[in-house]
Amino acid sequence: DKFESMASKGSTVYDISGRCGVFAKTDIQPLLIQGADRNDIALSTFHAIAKQTIGGLSQGLELKPPIIFEGGPLTFNPTLIKVFAERLGLKGDDIVVPEHAETIVAYGTAVAIDNIFADKAEYVTFGELLDRLQSYNSEDYTCDKRVSEPFFKTQEELDKFNKRHDKELYDVCNDYETEVKDDVLNVYLGIDSGSTTSKFVLIDENEQVIDRFYANNHGDPLKVVKQGIVQIYDKYKSKGITLKCLGLGTTGYGEHLLARALRADYHTVETVAHTIGCQKYYPDTTFILDIGGQDMKCIKIKDGTVDSVQLNEACSSGCGSFIETFAKSLNYSVKDFAKEALFAKNPTDLGTRCTVFMNSNVKQAQKEGASVADISAGLACSV
């Protein structure tokens, strides 16, 4: 309802891809970071849907009025119907919106039964239907396309794995009090404004990390970064310490936006920031893999400098938002969704083609009885 309300107030239409949800998201993220009006983005999303339907799904066939609009999105988003009407030149009686259009397909199914099963006199009671549902056991599901063995068979295996890999890249130094002079602590601030999250690191004059911040952008990176800076400021103020920022650098999707807003001393592309950061702790680094929210980077290092970079510019399949989208669709937080995968019995083969195709595979696996754990583990294998 809120999204519909926003779209109804939009006035500017941006060119957003209608080919698939992931391409659209890739177009929308920069608009959000650049401060585009959310009402305009909502309206532009509806135009992307209409554009793809008319130009792609109709396969070049002429759409002649009257046209019936049905299904959930067209029931609860009247602005979407207005967009279709605008693009197709429809007026008045050309537009047919049946009452309860969201259930018209179910209605059609019920009406069709007499014709499809006219020669059958069998019937089932609702009680029998309920018995069938209650006796169904998803544990009986066996996947003939299992993509891997369970990741961990016992808690002991998981504990060993965690012990082997649970190492912080750097420790947060709590001994900064020794650097405080006249209740002032000199610091440098590095901000990474990513496609879906913002994070920053605070270091002292000895390049020791003294604090850090990480949060979801929620479509407004400036607001989130401001909240983070205030949060850190208040934290040290409560200890009687005033932070004095000697230098500020930015990188990421919102590199230029934040550099202008905060009058940063320095801004740099992510590949260079990655390289400098990794070489600080691992001087002999030769390869960096970064899986971000919307893109994935493979950075090769040669003789201490970036030799080549590969980037999946077109699609965010396999990235952070890809995993987050599936977790949310199954009503899980990303953290809990990841935990589910650890002891999955039958990690499902979901393919690696694209997020949208994989979405269909997930739904099919669910119909066949795959558990959330199996799907989560299958997605990990896909990445």
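Modeller: Helices (H or I, at least four residues) and strands (E, at least two) are runs assigned by DSSP and numbered from the N terminus. By that reading, Asp303 belongs to the loop between E9 and E10. This is a predicted model, where local features need pLDDT of at least 70 and side-chain atom pairs count only at pLDDT 80 or more, while totals for chains, interfaces and linings use all residues. Residues are numbered from 1 along each chain as its sequence is written, and side-chain values use heavy atoms, with hydrogens and water left out.

Biologist: In which sense do strand E9 and strand E10 pair?

Modeller: Strands of a sheet pair through backbone hydrogen bonds, either parallel or antiparallel. Strand E9 (residues 296-302) and strand E10 (residues 305-311) are antiparallel, with 6 bridges; two strands count as paired if DSSP finds at least two bridges between them. Opposite Ile299 stands Val309 in E10. The hairpin of E9 and E10 has 2 residues between the strands, and Asp303 takes a positive phi near 50° there.

Biologist: Does Asp303 count as buried or exposed?

Modeller: Buried means under 20% relative accessible area, exposed over 50%, and partly exposed in between (1.4 Å probe, protein chains only). Asp303 has 75% relative accessibility, so it counts as exposed. Between Asp303 and Phe126 there are 72 Å in space, C-alpha to C-alpha, and 177 residues in sequence.

Biologist: In what order do the strands of the open sheet lie?

Modeller: The open sheet has 5 strands in the order E5-E4-E3-E6-E7, and the pairing is mixed. E5 and strand E7 (266-267) are the edge strands, as each pairs on one side only. E3 and E6 run parallel and are joined by 10 bridges. Gly190 has Gly249 as its bridge partner in E6.

Biologist: Which residues touch the most other members of the largest nonpolar core?

Modeller: In soluble globular proteins, nonpolar side chains tend to be buried together. A nonpolar core is a set of buried Ala, Val, Leu, Ile, Met, Phe, Trp, Tyr and Cys residues joined through side-chain atoms within 4.5 Å. The largest one here has 18 residues, and Leu185, Ile191, Leu202, Ile210, Tyr236 and Leu243 touch the most other members. At least two residues of this core come from each of strand E3 (184-193), E4, E5, helix H9 (221-237) and strand E6 (242-252). Another core, of 15 residues, lies apart from it and includes Ala42, Leu74, Leu80 and Ile81.

Biologist: What is Leu185 in contact with, leaving aside its neighbours within four places in sequence?

Modeller: Contact means heavy atoms within 4.5 Å. With those neighbours left aside, the partners of Leu185 include Tyr176, Val180, Ile210 and Leu243. For Thr45, which lies in helix H3, they are Phe3, Ile16 and Ile28.

Biologist: How many aromatic pairs does a search of the whole structure find?

Modeller: The search finds 6. Rings of Phe, Tyr and Trp (its six-membered ring) pair if their centres lie within 6.5 Å; planes under 30 degrees apart count as stacked, over 60 as edge-to-face and the rest as tilted. Phe3 and Phe46 are edge-to-face, at 5.7 Å centre to centre and 85° between the planes. Phe3 is in helix H1 (residues 2-9) and Phe46 in helix H3 (residues 38-57), so the pair ties together parts 43 residues apart in sequence. Phe3 counts as partly exposed because its relative accessibility is 39%, while Phe46, at 3%, counts as buried.

Biologist: How is the pair of Phe200 and Phe213 arranged?

Modeller: Phe200 and Phe213 are stacked, with 5.0 Å centre to centre and 20° between the planes. Phe200 lies in strand E4 (residues 197-204) and Phe213 in strand E5 (residues 209-216), so this pair ties together parts 13 residues apart in sequence. Phe200 and Phe213 are both buried.
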